[in-house]
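Have the viewer open as you read along.

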Amino acid sequence: MSQAYAPFVDRDTLVHRLDPRAKLVGISALFVLAYVFSNPVVIAVPALISLALVLSVGGYRNLRRVRVIVIALFVVGFVVWPVFLAPGGAVLLAVGPVILTEREVFIALGRSLRIVTFILGGLVFISTTTTEELVRGLRQLGVPYPICFAVGTALRLFPTFIGAAGTVRQAQAARGADLGGGSIRARLRGFIPLLIPVFMTAFRNIQTQSMALEARGFDPMGGRSFYGDLRFQRRDWALTLVSVGVMITATLAALGGFGRI
Amino acid sequence: MSADQAITLADVTFAYGPDDPTVLEGVDLAIPRGAVTVIVGASGGGKSTLLSMLNGLIPSFISGEFTGSITAAGTDLTTTRTNRVADQIGMVLQDYEAQLFGTSITAEVAFGPENLGVDPVEIDARIDRALALADLDTIDRRRPPSSLSGGQKQRLVIAGVAAMEPRVMILDEPTSDLDPAGTEALLSVLQRVRTADVDGGWAGPETVVMVTHAVEEAIGADHIIMLADGGVAASGPPAAVLRDAAALRAARVGVPPLVTAFDALGVEQAALPLTPRAAETLIETAGFTYDPRVLPVGAPAETGADTGAELFALEGVRYEYPTDREPVIAVDAVDLQIDRGAFIALIGHNGSGKSTLSKLLHGLLDPTAGTVTLDGAPLGSYSATERGRRIGYVFQNPDHQLFAETVRDEVAFGPSNFGYSGDDLDARVSAALETVDLSPLADEDPFKLSRGQRQRVALAGILATDPRCIIFDEPTTGLDATQHRQFMQLVGRLNRTEGLTVIMITHDMETVARYAPRAVVMDAGRVVFDGNTRALFSDPDRLARYQLRAPQVTQLAHRLAPEMPPPLTERELIAALGGSR
């Protein structure tokens, strides 16, 4: 059941099979595309590619989970950006002191699409990469092992705690706990019967874990060997080359004035 | 130190802090090399503390107030960091969830050898060997450990330690969460780890040390150390330690049922049998006559109440939960009727659907198909409060629900949620605390109580709402023999005198035989047996098919008169053998 909490989508698609490092480069290319240009029509391209990728790898589940955040960022960006921008072009809307010009709307739309691309690209990555691949990839990119281990542990514990929280929730619901509704104070009070058992469980877990680590000979600073390192396949090289090409081309094009407003 | 000792402790005294009580005092003991040693004792009696010393976690990792010496193969463990002896002494702690570090099965097993700097090519071979030993070699190795069942996780932790190829392997209650088949598989794994009949390579640890509450596991050991009152109360081979019923009771350790029975039958201590086979021989040589016709047909005396009107009815109940691949069917085509006052044991191996079914009964989950009715009305027609008032649910781990500052507040939480207040609430709380025998501790902090006491606080919190039915999910895990007996006697009494309907999930077949007149067996989400507990235990073939194991007294009866209904308790066995002398 814990599978449903983890962001990784257990499927076998081309994106899943890519080396996490190649995947990172590929997604970076999408980010560069979204970042160097400001014309929303151009930014729509990486945004749509990211969306298509999320859906094609089965990441709808994750998208649904963050949809509120995505929509909120999009809307807030769209509302806030025009305040900081110089007006220009035709006036689209004029209500009292609020004047919205074409230029402001265009740029705001571009910025919002940019943020959405970042989120969608991130979703593609976490939906298709197991924690194990991520940790190995990080280490093979040269990140120090203690940091990789910490990242891996955090990601692994997350579903465990969500699972524990689920059990606590059921246990308190069975005792008639009211888990929602009422004023903010009532809600906060309602959370105490959930939070305390979850924290106590987590605390005990961490205690046991540190002892178990020690007993398994773990020494973050000591020497160790690494089993099962990842190997770059031909498709990983191909994606990396294409992505680097896209990044360079896009940067040069942007410097040359393409996609500007 | 003699060469026959794997680890020795001399004059060890320990407390976790300067203000904490002394856990062990002046302990001298030796773990024999090349043997399986089992440590038994009351819960809270220092077993886990002692284990933590065997690889030096105490005092090198948890310093506390330590005096004395610990030596393993010439190494002073009081001055050596545990991770430096990890290649020599492997340890499996109690809570397997907290010991899984890998993100896949492969990564999990490789983790220990990686820490030791073992060459990746060699790790490959070790992974194969360790997974074969732990009977996990048929599972997809890319799966994350979190997706495995409890028993599989437990065996994976053992594989991870075995891959480090230690000389000594230490395990803290490795079977407490396992079903009978899982326990048997694990014990056979430990035997295999010891003799390592896997091709080539490492020959298994010479020495195994294990803590357990299950007396049957102790019977199979080479050496037993019994702790009581912070010291070693007895030490020796099972034949010496486990026949002394008085000493076992004093240390709050379970007495082997056959010892209890034959002691009452007047057999002298040195001749008391520990296994059904030994008991069979004794019966033949000592001239006992076994006559099971004296046994009751139904439940043992003083168990079960008369049942009344229908409480639950389930028809065609199915529950599936979604995964990325295809939905998993946890419960399927279940028809069940449960009457008021029933005492039902819900059994089956890990992952057979017991917990899911019990949650469907409480309405914590809604069935995908089929109907559940409570008192004749669909469960869905009751509000959560109405359901909660009628049915209580005691979860396996009391720590998943305790949160209040005092025991009294904790117990009052449920009833006050259900609208009780003032004097009525106080009276309910006091009565519930009285019932579970915790009145003197009403103003204590629940977190400072023992596991057995915390379990009773959780039960009191449910009793105070005065439900008609209580569902228990493995309520006796982690309780020692005395706490276990007290808890079950309390539940049995509530069933008989208050007419409380009891539905209990358990892996403990002794508990099933002794307390539950009716057993419901689940396998792969379906109910495969529903009936009289004695009928269930009379057919060894059926038990084997469901991967269940009969209590020892029943196993003896299968040897003596396989065609007759067997005794379920020591008392019944005594009666069938002519009564106590």
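A residue counts as buried if 20 or more other C-beta atoms lie within 10 Å of its own. By that rule, buried residues account for 33% of the 261 residues in chain A. Please keep in mind that this is a predicted model.

**The fold of chain A**

Chain A holds nine helices and two strands. Along the principal axes, the C-alpha atoms of chain A fill a box of roughly 65 × 55 × 35 Å. What about contacts within the chain? Among those in chain A between residues at least 6 apart in sequence, 76% join residues at least 24 apart.

**Where chain A touches chain B**

Between the two chains, 51 residues of chain A are in contact with 54 residues of chain B. On the chain A side, the elements that give two or more residues are helix H6 (131-140), helix H7 (145-174) and helix H8 (184-215) of chain A. Which of the elements gives the most to this side? That is H8(A), with 13 residues. The table sorts the side of chain A that touches chain B by residue class.

| Class, side of chain A that touches chain B | Count |
|---|---|
| Nonpolar | 21 residues |
| Polar | 20 residues |

Methods:
Residues are numbered from 1 along each chain as its sequence is written. Chains are lettered from A and ligands numbered from 1 in the order in which they are written. This is a predicted model: local features need pLDDT of at least 70, side-chain atom pairs count only at pLDDT 80 or more; totals for chains, interfaces and linings use all residues. Two residues are in contact if their C-beta atoms, placed from the backbone, lie within 7 Å. Helices (H or I, at least four residues) and strands (E, at least two) are DSSP runs, numbered from the N terminus. Ala, Val, Leu, Ile, Met, Phe, Trp, Tyr, Cys and Pro count as nonpolar, Asp, Glu, Lys and Arg as charged, and the others, Gly among them, as polar. A residue is buried if 20 or more other C-beta atoms lie within 10 Å of its own, exposed if 12 or fewer, and partly exposed in between; C-beta atoms are placed from the backbone.
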